[in-house]
Amino acid sequence: MADKGKRKRRRADADSDEETRLPFKNKLKPDSAILEILKDLTAATAAASSSSTKTLTLADIDLDAKCREVTELNLLSVQSEIESQILKIARSILAGNGFGFDVPSRSATNQLYVPELDRIVLKDKTTLRPYANISTVRKTTITTRIIQLVHQLCAKNIHVTKRDLFYTDVKLFQDQSQSDTVLDDVSCILGCTRSSLNVIAAEKGVVVGRLIFSDNGDMIDCTKMGMGGKAIPPNIDRVGDMQSDALFILLVEKDAAYMRLAEDRFYNRFPCIIITAKGQPDVATRLFLRKMKMELKLPVLALVDSDPYGLKILSVYGCGSKNMSYDSSNLTTPDIKWLGVRPSDLDKYKIPEQCRLPMTEQDIKTGKDLLEEDFVKKNPGWVEELSLMVKTKQKAEIQALSTFGFQYLSEVYLPLKLQQQDWL
Amino acid sequence: METGSSSEGSPEPKKGKSKTPRKPKAKDSVLKQKSPAEFFAENKNIAGFDNPGKCLYTTVRELVENSLDSAESISELPVVEVTIEEIGKSKFNSMIGLVDRERVDEALYDDHETAKARERRLAKEAKAQEIQAKNAALGKKVKETTASKGMKGRGEASFYRVTCKDNGRGMPHDDIPNMFGRVLSGTKYGLKQTRGKFGLGAKMALIWSKMSTGLPIEISSSMRDQDYMSFCRLDIDIHRNMPHIHVHEKRENKDQWCGAEIQIVIEGNWTTYRSKILHYMRQMAVITPYAQFLFKFISDAPEKNVTIKFARRTDVMPPVPLETKHHPSSVDLLLIKRLITETSKQNLLQFLQHEFVNIGKSYAERLIGEMGPDFSPKMSVKSLTSQQIVRINQLFRQAKFDDPSGDCLSPAGEYNLRLGIIKELHPDMVATYSGSAQVFEGHPFIVEAGVSVGGKDVKQGLNIFRFANRIPLLFEQGADVVTRTALKRINWNNYKINQTQDKIGVFVSIVSTKIPFKGTGKEYIGDDISEIATAVKSAVQQCCIQLKSKIVKKIQAREQQERKRNLSKYIPDATNAVYDVLKEMAQLHASKKKRYENEDAEILKKVSAKLITKETLRQKLAEHVEKVDYEMALEYATHGGASEEPKEAIYIQSLETEPKFIDLRSPIFVFRLFQ
């Protein structure tokens with residue numbers, strides 16, 4: 001309806017019909033030109049990653065503070081680690097000293113952003129979690145129980161979900177957030193990644209596009225997965241043999257935008273891999289993205305909402321979350337480019353006022369807090385965009401682009417963005 | 001007599017008077033042809049006489065406050081008896097000698113039930129009965145149907161006789177007519193902390209009685225050293241602002257009674273204002289624990305009757321507030337002019353020095369020097385021109401003066417506030433705090449606060465009790481500085497108090513020579529005065545800090561009791577988990593699938609041999625818990641947690657009152673030396 005009205009009005013202006021419906025479309029060069037640009041980008045990324053073949057690790061840089069990092073452990077080592085913990089506990093109990101755990105603290109004060117690595121790492125502060133203390137007795141008991149359950153998993157070599165784990169002792173755990181938190185504690189205590197514990201989260205992320213990989217031995221072609229794409233397998237160790245002729249990876253914050261791109265077969269017009277975690281990314285998606293980036297050496301471009309949370313999600317992919325900073329080396333994907341929707345795009349693409357939302361107090365506060373974060377500060381372009389957002393006090397979702405038609409995103413916005421190399 | 005006046009309703013105020021009628025002179029010049037009594041009759045909402053219900057409330061309140069003032073002025077512990085007696089219409093008519101008339105033309109009346117309305121009502125009643133019968137048949141508990149209320153039209157007024165008897169000073173025989181029959185004549189006009197507003201209370205009640213019932217007021221009074229009792233029956237001539245005396249005589253005082261008793265018949269509404277009046281009495285009892293109140297409500301229906309006695313809890317009275325002089329920063333032109341006409345001082349220097357606080361001789365000289373060349377210390381103060389007075393006023397605004405001291409104020413006192421709260425609310429915990437005197441626009445004020453947790457008849461959440469110059473404020477709570485502060489600016493969680501679950505009582509008493517009320521009703525103090533808002537916040541916070549330590553102690557004590565149980569609760573879960581892993585390991589060890597070394601191997605062997613079982617682990621952990629619990633209990637005891645807090649002493653009223661003692665007073669306690 002609105003479109004029709006617009007068209008009528010515009011006709012009087014003697015503008016082209018096409019331009020009326022999809023503004024800026026006439027600025028688009030032919031796809032071949034854009035493909036050339038993208039090829040350059042891919043080549044540059046590949047060259048950059050091959051020149052510095054080895055990514056920096058904590059050991060490579062001299063840090064003042066001692067840091068804690070976990071490693072991928074095989075089942076046997078996890079099992080032995082658990083057994084030595086349990087034996088220590090048993091000896092302590094038998095000696096009449098009760099028992100306790102030395103748990104690495106995952107509080108905000110124990111986190112450190114390392115600019116050289118471009119990710120958050122965990123410092124080495126630990127807190128004692130004794131059994132015979134009224135405030136820690138519950139957590140200590142839950143920790144013991146979780147360790148025992150993980151030991152069982154290792155012995156039997158099976159995987160369970162976090163939900164499964166919770167249901168093994170609902171009476172003790174009370175709600176899943178408690179067993180989930182302790183699970184992270186346990187991986188810190190044992191010094192292994194969470195995936196080494198054989199506990200996985202339910203599938204959340206999906207991937208579609210020019211990617212072929214093997215999942216537990218089965219070859220998957222992500223161009224032939226229908227519209228929904230392939231669910232990202234929860235245990236990354238089963239994934240291998242990645243092949244692709246894509247030019248870039250497109251990271252999408254939201255399911256809706258992902259659906260649009262998948263249905264329009266955007267990856268066939270511009271060879272790419274499209275991935276989303278439907279909001280805050282889970283461990284599996286982050287691991288998968290990292291694996292793709294490392295093995296395929298493709299540039300990663302991100303399409304997120306123009307609000308503080310969009311940027312926050314971007315940062316979780318890029319630098320890691322505070323909750324799981326102990327495993328940031330395995331979970332983070334370096335060098336993600338912010339393609340859109342950026343605060344400056346709102347005016348650049350003339351997104352009408354009614355599609356923009358005023359930021360709430362909470363949004364503005366989050367925005368201001370983000371401006372103080374190191375991972376934002378290191379990128380002057382991001383600081384500029386975020387400052388603009390806080391200043392205009394306006395936010396917009398990716399869907400705001402639908403105001404020019406549902407396919408505007410895939411037909412005009414993204415191609416134009418790519419053509420102009422408009423990423424930060 | 002103006003019998004029909006009640007149905008006329010009150011004339012609405014013609015225009016909002018922004019100026020408070022504090023200064024009678026100003027009022028006189030504005031309303032040349034109107035007597036003050038007429039003005040207040042028309043604008044009675046200013047004094048809190050908005051509607052019949054509120055009028056009843058305000059009448060009670062004014063009489064009680066007068067009684068308290070009167071008793072305190074002679075340092076007598078107040079005993080106040082308030083009785084409200086409901087008077088039915090026919091009784092009222094017979095009182096004024098009016099014959100009850102039967103209605104002849106039914107349709108003339110507003111409450112006449114038309115045929116249609118009756119049909120509807122009957123249908124409804126029939127339906128209700130049917131439902132009831134069904135319920136009864138089904139054996140359900142039958143709710144007693146509320147008898148359909150007798151239709152009450154708007155002309156149907158209720159009348160009440162309000163009697164207030166005290167043991168105060170009484171009134172001089174000859175002054176009684178003027179004290180009641182002349183508006184804006186009073187004893188409370190000086191600059192001091194007073195309960196009364198502008199000497200209006202009893203007179204407004206009289207004006208209201210005249211407007212609603214036309215019945216006169218009856219006053220009995222006797223002063224100390226008088227061998228007679230004064231009796232006076234009078235009403236007021238509103239147009240001339242003069243008392244109209246019916247009887248004024250001396251009677252025999254049989255039982256040496258001393259005090260005053262005032263009886264007045266007014267229109268009111270007990271049903272809607274019952275809770276307000278009872279709240280008022282209760283809060284008054286909180287802030288005045290040294291007084292004894294007896295409140296009675298009497299009506300024809302015995303089940304509606306109420307008798308409440310608020311007993312005395314202490315015999316320590318706050319000192320009588322002193323009259324003070326004005327602070328230079330609080331005066332205005334009119335006030336300076338009035339002070340000039342009233343002063344006994346001759347020259348300007350003496351005038352400044354003696355009619356204001358915080359101006360010493362040398363400072364007065366400096367001020368006069370600053371005023372300009374046409375001022376001199378020796379000039380006659382009465383000869384100042386209007387321009388010169390404006391100059392003085394300007395200088396007063398700009399010059400710097402020391403803050404007035406709070407000595408002239410009479411706060412309730414932390415001790416009394418505390419007792420009042422304990423007496424009326426029986427809280428689990430209470431903390432009080434008394435702030436130091438502070439200043440707003442040249443008027444000193446003191447904020448005292450109390451915070452209680454728990455108690456009887458206290459609802460969950462915040463219960464706010466506001467007092468200004470030691471009288472409770474009940475209306476317009478929402479915008480008040482105390483309410484706002486308690487709701488918005490205190491983070492109760494910080495003090496381990498749950499704002500929604502706990503029964504919190506917040507008591508704030510503000511005393512000042514001038515309370516900066518907002519609105520005409522003088523029922524609340526605005527939130528825009530930062531000095532007062534800050535003082536209230538810090539006073540409440542001080543109370544909360546005191547409470548916090550008590551609450552933390554209480555939580556600790558509870559933890560103390562529950563610690564062992566809580567620690568023991570998880571022993572099976574923890575030991576089972578450990579044992580399960582051990583057992584698994586032992587099996588692996590036995591089947592030689594995995595090798596373990598030395599100590600570890602030994603433990604596993606014992607597990608296989610059932611030398612170490614679930615039970616062993618359980619016992620050992622339980623022993624450990626026992627040990628830790630004992631240690632912590634010991635630590636708790638050595639830190640004084642176990643010692644009980646001293647209990648509050650009980651106050652027992654003395655049977656015989658032979659005042660043979662000397663009081664040594666301090667702001668927080670009183671030493672009493674008996675001889």
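Helices (H or I, at least four residues) and strands (E, at least two) are DSSP runs, numbered from the N terminus. The model is a predicted one, with local features needing pLDDT of at least 70, side-chain atom pairs counting only at pLDDT 80 or more, and totals for chains, interfaces and linings using all residues. Residues are numbered from 1 along each chain as its sequence is written, chains are lettered from A and ligands numbered from 1 in the order in which they are written, and side-chain values use heavy atoms, leaving out hydrogens and water.

On chain B, B:Ile668 sits in the loop between β17 and β18. Together with B:Ile662, B:Leu664, B:Phe669, B:Phe671 and B:Leu673, B:Ile668 makes up a nonpolar surface patch. Such patches take residues with over 30% relative accessible area and no salt bridge, with nonpolar side chains (Val, Leu, Ile, Met, Phe, Trp, Tyr) joined within 5 Å and like charges within 9 Å; a salt bridge here is a side-chain nitrogen of Lys or Arg within 4 Å of a carboxyl oxygen of Asp or Glu. The accessible area of the patch comes to about 580 Å² (Shrake-Rupley method, 1.4 Å probe; for residues, only the protein chains shown count as cover). Strands β17 (661-665) and β18 (670-674) of chain B each put in at least two of the patch residues.

A:Gly340 and A:Val341 are joined by a cis peptide bond, with omega about -10°, and A:Val341 falls in the loop between β16 (336-340) and α14 (343-348). A:Arg265, in the loop between α9 (255-263) and α10 (266-269) of chain A, has a positive phi near 50° despite not being glycine.
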